[in-house]
Every structure is written in structure tokens, then in C-alpha cells.
Amino acid sequence: MAFVAYRVNFLNSIFAASCWSCLIILSMFLLTSRVSRVFGWSRGELLLLAGMYNVVIGLFYFLFSKNLDELQELVHLGELDSLLLKPVDSQWLVSFSQVSWRSLARLFIGVLFISFLFFSHAVSFRWISLVSFLPFIFLGISIMYGLSFGIMTLSVWFSNLHNLRDLLFYINTITRYPGEIYHGGRELLFIFLFPLTLAVIVPTRVLAGQYYWGDLCWSVVFGVVFFVLSRKFWQFALRYYTSASG
Amino acid sequence: MKKYWLIARNTWDEIVTYRLNFSIWRVRQVFQFLSVYFLWMAVIPSRASLGGYSHSAILTYVFLVTLLTSVVFTSKSIGVGDEITNGNLSNFLLRPVNYFRYWLARDVGDKAMNLAFGSVEMTILFVLLRPSFVWQRSLFYLSFFVVSVVLAIALFFFFQFLISSLAFWVYEVWSVRFLSMILLTFLSGGLFPLNLVGEPWYTIFRLLPFPYLLYFPVKVYLGQLPVVEVFGGVMIAGLWVFLLRALVGVVWSRGLREYAAVGR
């Protein structure tokens with residue numbers, strides 16, 4: 001709550017986050033105003049994807065963005081020692097010690113926009129979808145968390161890499177668009193990007209009442225695998241952590 | 001002039017020293033490019049068009065915007081805010097160095113590095129992706145493309161300096177800068193060509209300085225603007241450079257009266 005002490009900054013950051021969310025939705029509006037379908041996605045589905053992107057990213061940033069930013073500082077200044085000495089799992093402490101309140105603005109705008117789509121009948125849905133899509137949001141966040149945490153763990157060896165956070169932001173933008181756009185003779189690239197594309201697409205499709213069992217299974221597999229890999233990598237990296245005096 | 005050349009050279013060396021940091025910055029640019037490139041490839045398949053843009057025109061737009069972003073949207077003058085906040089500005093006020101020219105020299109070094117790497121990346125991506133590309137052959141459009149890029153660089157430099165100058169009054173400038181970058185990304189045509197927003201917004205946006213950062217130079221290169229509009233756009237961009245320069249001068253002199261070197 002110390003962040004709220006600087007009220008103007010806090011309000012400005014909420015406003016900035018809201019503007020970014022609105023711009024993403026506006027971009028998709030403009031794109032789909034001229035083209036009715038893109039790789040099999042209808043206009044309503046693409047707009048739903050834009051709204052879901054804000055929900056998933058908003059939730060992900062709310063839970064992890066400040067912690068991932070701080071991880072680099074903790075390693076660089078040797079302050080990770082105090083966390084490692086606590087009788088709590090270090091990855092848990094590092095990942096969940098703070099939240100980013102301004103990111104709730106993105107989550108709120110995403111939910112609001114999705115509600116608007118449903119009530120204006122731009123997209124049809126079934127009530128069962130409202131329940132069934134929730135686990136896939138958390139699996140999507142697990143995929144993004146695993147990748148992001150793994151990249152930030154590199155700070156143990158490269159504590160001066162200030163661009164890692166910005167790199168994560170742009171990697172996450174991959175999830176904004178349908179994964180099918182990365183097809184077309186670029187299979188190697190698609191294979192590399194495929195897990196990321198599932199993070200937002202799968203909950204979007206489930207919410208729209210479309211169940212592609214292949215994607216659902218992959219979402220579960222990657223959600224678990226990425227989390228486990230991030231954990232293994234973190235434990236491996238801690239062996240090389242030498243603190244500021246090392 | 002020699003001292004400013006040395007400053008530019010030092011900035012180049014500084015970037016080369018932190019190679020991994022710079023490499024990650026470039027990887028991030030590539031990621032940004034790829035997501036936009038594949039999106040437009042999907043939206044406008046070959047032999048299709050959208051809003052006056054053919055398949056090749058839109059891909060050329062994406063390539064050029066990415067390259068120009070490396071040149072125009074990189075600026076070391078972001079550091080001005082930190083120097084005001086932590087009091088290091090005092091060092092420069094005492095030295096026989098023009099502060100604006102110091103940061104301009106740093107920008108030259110930074111942009112030279114980004115242009116060099118951006119060109120290599122775009123060349124590699126061009127070879128790998130083999131897009132349909134518009135090759136401008138008109139000397140008129142090519143020369144005014146260069147002129148508009150120079151104006152864009154000047155525009156962004158003064159704009160960033162203006163934002164950084166807020167540090168005289170506001171302790172944390174990053175939130176204002178973050179918001180300004182979001183608006184810049186949209187209003188400069190970095191996400192999509194601005195004429196796709198339709199009227200009357202397109203006309204309103206063209207009166208602002210932001211389209212002249214990316215959108216206008218690329219439109220000039222594509223040869224999609226009549227000669228009159230090219231001249232008109234260059235004049236508007238030049239006027240904005242003049243206005244921003246004057247505004248920076250006023251804000252800077254007012255700010256120096258407030259400056260108290262609090263961090264020292």
C-alpha cells in the first residue's frame with residue numbers, strides 16, 4: 001500500500017494501464033472493422049480475444065509483475081539472502097510478496113469489455129462456459145509465469161540485465177493474437193511460440209463455447225511443465241547465487 | 001564540436017560494453033516486429049488490400065516502422081529526468097558543455113548503434129521471410145523520406161526532453177513518460193497506419209506532432225501522398241519542431257529557477 005502514498009503517481013499509472021488496455025481493444029476494433037474473419041476467427045471472437053488478453057495479462061501483472069521486477073534488484077543488491085533464510089519456499093516468497101494494484105485496471109476493463117460483448121450478442125456463450133474457462137485462465141497464467149520466471153532467474157548470472165523485464169513485456173504480446181497467424185511455412189517459429197499462444201486463446205475459445213480438445217490438453221501439459229521447469233531452474237540457479245559479497 | 005563527437009563516441013562504446021543488455025533490447029524489437037508482421041500477413045493475404053494498402057504496402061509499412069522505431073524512438077535524453085532528480089545536473093551546469101548538445105550527441109551515438117543493428121536485423125528478417133516489398137525509386141520521395149526522418153528524430157528528442165524537464169516539479173516522471181509512450185505508440189502509427197482510423201480522427205491526428213514520427217515518413221516512402229501533402233507534412237513537422245524547441249527552452253529556463261539539487 002506504500003505505492004498508494006504517492007497518489008498522483010498511483011492514479012496516473014492506473015490511467016496509463018487503462019489507456020493501454022483500451023488501445024489494445026481499439027486496435028482490434030479497427031482491424032476487424034475492415035476484415036470480417038482472420039484465420040477462421042470471426043469479429044466477435046477476435047474482440048473476445050482482445051478482452052480476454054486484458055483479463056489474463058491484468059491478472060498476471062497483478063500477481064507477478066512487481067515481484068519479477070524486484071527479483072533482479074534482490075539479486076543485484078544481495079538482498080535475496082534474507083528471503084532464502086526464511087522458513088518459506090523461496091520461489092513462493094519471491095513470486096508472491098507484492099501485488100501490482102494498477103494492473104487491476106486492466107483486469108477490470110477486460111471483464112467489462114467481455115461482459116459488453118456478451119450482452120450485445122456479439123458473441124454467444126453458455127453458462128457452463130463461465131465456469132469451465134476459469135481453470136484455463138490459471139493454466140495460461142502458469143505458462144506465462146513459468147516462462148517469465150525462468151527468464152528472470154537468469155538475473156542470478158546476469159544481474160545487470162535491465163532489459164529483461166521489457167523483453168518479457170514483448171514476449172507476452174505474442175499472446176494477443178490467434179496462434180494461427182504464425183503458421184504458413186514458419187513451423188519452427190510456430191513450435192517455439194505455440195505454448196505462449198495457448199495462454200489466452202484456450203480460455204477465449206472455452207468461454208465462446210468452442211472446445212478444441214487438442215489445445216485443451218496442450219494447455220494443461222504446458223501449464224504444468226512450464227511451472228515445474230521454472231521451479232527446477234530456480235533451484236538450479238540458487239546454487240550459483242553468491243550474494244553481494246560473493 | 002570535438003567534445004560532442006567524443007560524447008557520441010563514448011555513448012557508442014558504453015552500449016558496446018553492455019553487449020548483452022543491448023542484445024536483449026534488440027531481441028525485444030524483433031519480437032515486437034514478428035507479432036505485427038504475422039498479424040498483417042494474416043489480415044491482408046497476398047493480392048488483397050485494406051484501406052488503400054496492398055499486401056506489399058502493408059508489409060513495407062511494418063518493416064519501415066520497425067526500422068524507424070529503432071532510430072526515432074530511442075533517446076538517451078530519458079536520463080535528463082534522473083539527473084535533475086538526483087542533483088547530477090549541477091555537474092553539467094558548471095561545465096563548458098551545452099546541455100542540449102550534450103544529450104543530442106549522446107542520442108547520435110545511441111541512434112547510430114540502433115540503426116546499425118536494426119538494419120542488420122531487418123536484412124536478416126527480410127531474407128528469411130522474403131516479404132513482398134515496395135521499392136521506392138522516385139528521388140523526390142526518397143529525399144523527402146530522409147528529410148521527414150530527420151524531422152522525426154528532432155521531434156522525438158524535444159518531446160522527450162520536455163517530458164524529462166517535468167522532473168523539476170515532479171519527483172517521479174516515469175509514470176508520465178509511460179503514459180506518453182502509450183499515446184505515442186498509437187498516435188505515431190506504430191500499431192497500424194493512422195489513416196485506417198477514418199475521419200474525422202485522421203484529420204485531427206495529422207494536426208498533432210505524433211504522426212510525423214513514424215506514419216508520415218513511411219507514407220512518404222510508399223509514395224502514397226501527393227506532392228502537395230508531402231510539402232505540407234514537412235512544413236507541419238518543421239513547425240512542430242520549432243514549437244517544441246521553443247517550449248523546451250521556456251520550460252527549461254523556468255525549471256532551472258526551481259532547481260535545488262536536492263539529491264546532492
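Predicted model: local features only at pLDDT ≥ 70, side-chain atom pairs only at ≥ 80, totals over all residues.

Q: How many helices and strands does chain A have, and in what pattern do its elements run?
A: Helices (H or I, at least four residues) and strands (E, at least two) are DSSP runs, numbered from the N terminus. Chain A has 10 helices and 2 strands, running α-β-β-α-α-α-α-α-α-α-α-α from the N terminus on. Chain B has 11 helices and 2 strands, and its pattern along the sequence is α-α-β-β-α-α-α-α-α-α-α-α-α.

Q: Why is chain B described as being as compact as a globular protein of its length?
A: The radius of gyration is taken over C-alpha atoms, and the globule rule is 2.2 Å times the number of residues to the power 0.38. For the 264 residues of chain B the rule gives 18 Å; the radius of gyration is 19 Å, which is close, so chain B is as compact as a globular protein of that length. For chain A, a compact globule of 246 residues would have a radius near 18 Å, and the value of 19 Å agrees. The C-alpha trace of chain A spans about 60 × 45 × 35 Å along its principal axes.

Q: How does one test the length of helix H3 of chain B?
A: The expected span of a helix is 1.5 Å times one less than its number of residues. Helix H3 of chain B (residues 55–72) has 18 residues and should span 26 Å; its end C-alpha atoms lie 25 Å apart, which agrees. H3(B) is also mostly covered, with 17 of its 18 residues buried.

Q: Which residues does Asn12(A) touch?
A: Contact means heavy atoms within 4.5 Å. Leaving aside residues up to four places away in sequence, Asn12(A) touches Ser175(B), Val176(B) and Leu179(B). Asn12(A) belongs to helix H1 (residues 7–34) of chain A and is buried, with a relative accessible area of 14%.

Q: Is Tyr211(A) buried or partly exposed, and where is it found?
A: Tyr211(A) counts as partly exposed because its relative accessibility is 27%. Tyr211(A) sits in the loop between helix H9 (187–207) and helix H10 (213–238) of chain A. Not counting residues up to four places away in sequence, its contacts include Arg126(A), Ile128(A) and Ser129(A). Tyr211(A) and Ser129(A) are 82 residues apart in sequence, and their C-alpha atoms are 9.9 Å apart in space.

Q: What share of the contacts in chain A joins residues at least 24 apart?
A: Among contacts in chain A between residues at least 6 apart in sequence, the share is 81%. For chain B, counted between residues at least 6 apart, 79% join residues at least 24 apart.

Conventions:
Residues numbered from 1 in each chain as written. Chains lettered and ligands numbered in written order. Heavy atoms only, no water. Buried < 20%, exposed > 50% of the residue type's maximum accessible area, 1.4 Å probe, protein only.
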